[in-house]
Amino acid sequence: AQTVTLRLHQMLPQQATIPAKAIVPWAQKVEAESGGKIKVQIFNAMQLGGAPPQLFDQARDGVVDITWTVLGYTPGRFPKTEVFELPFMSSSAESSSKALQEYVEKFAADEFKDVKLIAVHTHGPGLFHTKQPVSGLESLRGMKIRGGSRIINNMLTKLGATPVGMPVPAVTDALSKGTIDGTTIPWEVTPSLKVTELVKNHTTFAGKEGLYTQTFAFSMNKASYEKLPPDLKKVIDNNSGMVAATLFGKAMDDGDKVGRDIAVKAGNNIVALELAEVQRWRRTASTVETDWINEVKGKGIDGAKLAAEARALIAKYNK
């Protein structure tokens, strides 16, 4: 029996959380369950060329067979899926990833019709990593902060920061050159970006929900999938959907613990904003949701309904 080689392309170095703890185990499982008929060849850190915002289209267009990427890197393209990026919406990566997977299957499958979607997922609670401490709303004013999507950039503006949009691989260089004063990212990606060495302050938020999250897609080229014989399609299907969303979400949560531990060991300053202060942030950031609802209304989307559905699913998987 001939083997099929699937080329998988992603943006981060191979030791980063998702490549090491989700993509590699996923690939090994697929190879094992196919009895060696499927080989997954992984290309890390944009080795095959292009920029992170092009990854989704690389899968769609068959430049490669499979990609993993951040949906917020292509603004306005996944409007229904964006709801998960709204401030103080999501909690742990595993529960939010399960919620996002079910949400996309029910309400946003059309946004992924051009690919064979393996899974969607989120990262854990987003937070600030800054050169100067962020100890309250006022201390953020005027800081140049990296944001990973237009929703997050809008939130940063409302909170008084100056947002600087860039894909996550660019953060290390921007921090070391002083292009930005800090970044919003979850703990899990701080080690591979050397963030705990470049900044000494980290600001976390009391309560179950993080400041924000980002959404990710693990996608396969449709033709690459359709070409597979039925038994191999079944292997991909068995490792798609909720199974894969859970794997990726759990890897993010585990990675958050690792990243935080590194900051603690380094003696960095971890600011934990108390509930009363977090309530001020919530009030200030709440208009981001209003903006989003008004904006997607122009695309014929009932944003308020989708936000309610997203919250209900997050609550369901948080139980």
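**Notebook: strands, helices and one buried glutamate**

I started with β6 and β8. Strand β6 (residues 144-147) is joined to strand β8 (residues 182-185) by 2 bridges, and the two run parallel. I am working from a predicted model. I looked for a facing pair and found Ile145 opposite Gly182 in β8.

**The open sheet**

Next I asked in what order the strands of the open sheet lie. I read β7-β6-β8-β5-β9-β11, which makes 6 strands with mixed pairing. The edges are β7 (162-165) and β11 (269-273), and each of these pairs on one side only. On average, neighbouring strands here are turned by 25 degrees against each other, direction ignored.

Then I looked for what packs on this sheet. Helix α11 (residues 275-297) does, and I noted its touches on β5 (127-130), β9 (201-205) and β11. The direction of α11 makes about 75 degrees with that of β11.

**Glu277**

I stayed with α11 and picked out Glu277, which lies in this helix. Is Glu277 buried or exposed? Its relative accessibility is 15%, and the cut-off for buried is under 20%, so Glu277 counts as buried. I then asked what the side chain of Glu277 reaches. I found the backbone nitrogen of Leu137, at 2.9 Å. Setting aside neighbours within four places in sequence, I list Gly136 and Leu137 as the contacts of Glu277.

**β1 and β2**

I moved to the start of the chain. Strands β1 (residues 4-9) and β2 (residues 38-43) run parallel, with 6 bridges between them. For Arg7, I noted Gln41 in β2 as the bridge partner.

**Helix α10**

Last, I took α10 (residues 242-265). I wanted to know how its length compares with what is expected. This helix has 24 residues and reaches 35 Å from first C-alpha to last, close to the 34 Å expected at 1.5 Å a residue.

Which residues of α10 are buried? I wrote down Ala244, Ala245, Phe248, Gly249, Ala251, Met252, Asp253, Gly255, Asp256, Gly259 and Ala263. I noted that Asp253 and Asp256 are among them. After α10 comes Gly267, and I read a positive phi there, near 75 degrees.

Notes:
Residues are numbered from 1 along each chain as its sequence is written. This is a predicted model: local features need pLDDT of at least 70, side-chain atom pairs count only at pLDDT 80 or more; totals for chains, interfaces and linings use all residues. Side-chain values use heavy atoms; hydrogens and water are left out. Two strands pair if DSSP finds at least two bridges between them. Helices (H or I, at least four residues) and strands (E, at least two) are DSSP runs, numbered from the N terminus. Axes are lines fitted to C-alpha atoms, for helices over the stretch in contact, and angles run from 0 to 180 degrees between N-to-C directions. Contact means heavy atoms within 4.5 Å. Buried means under 20% relative accessible area, exposed over 50%, partly exposed in between (1.4 Å probe, protein chains only). A polar contact is a pair of N or O atoms within 3.5 Å; within protein, one must be able to donate a hydrogen and the other to accept it, and residues adjacent in sequence count only if both atoms are side-chain atoms. The expected span of a helix is 1.5 Å times one less than its number of residues.
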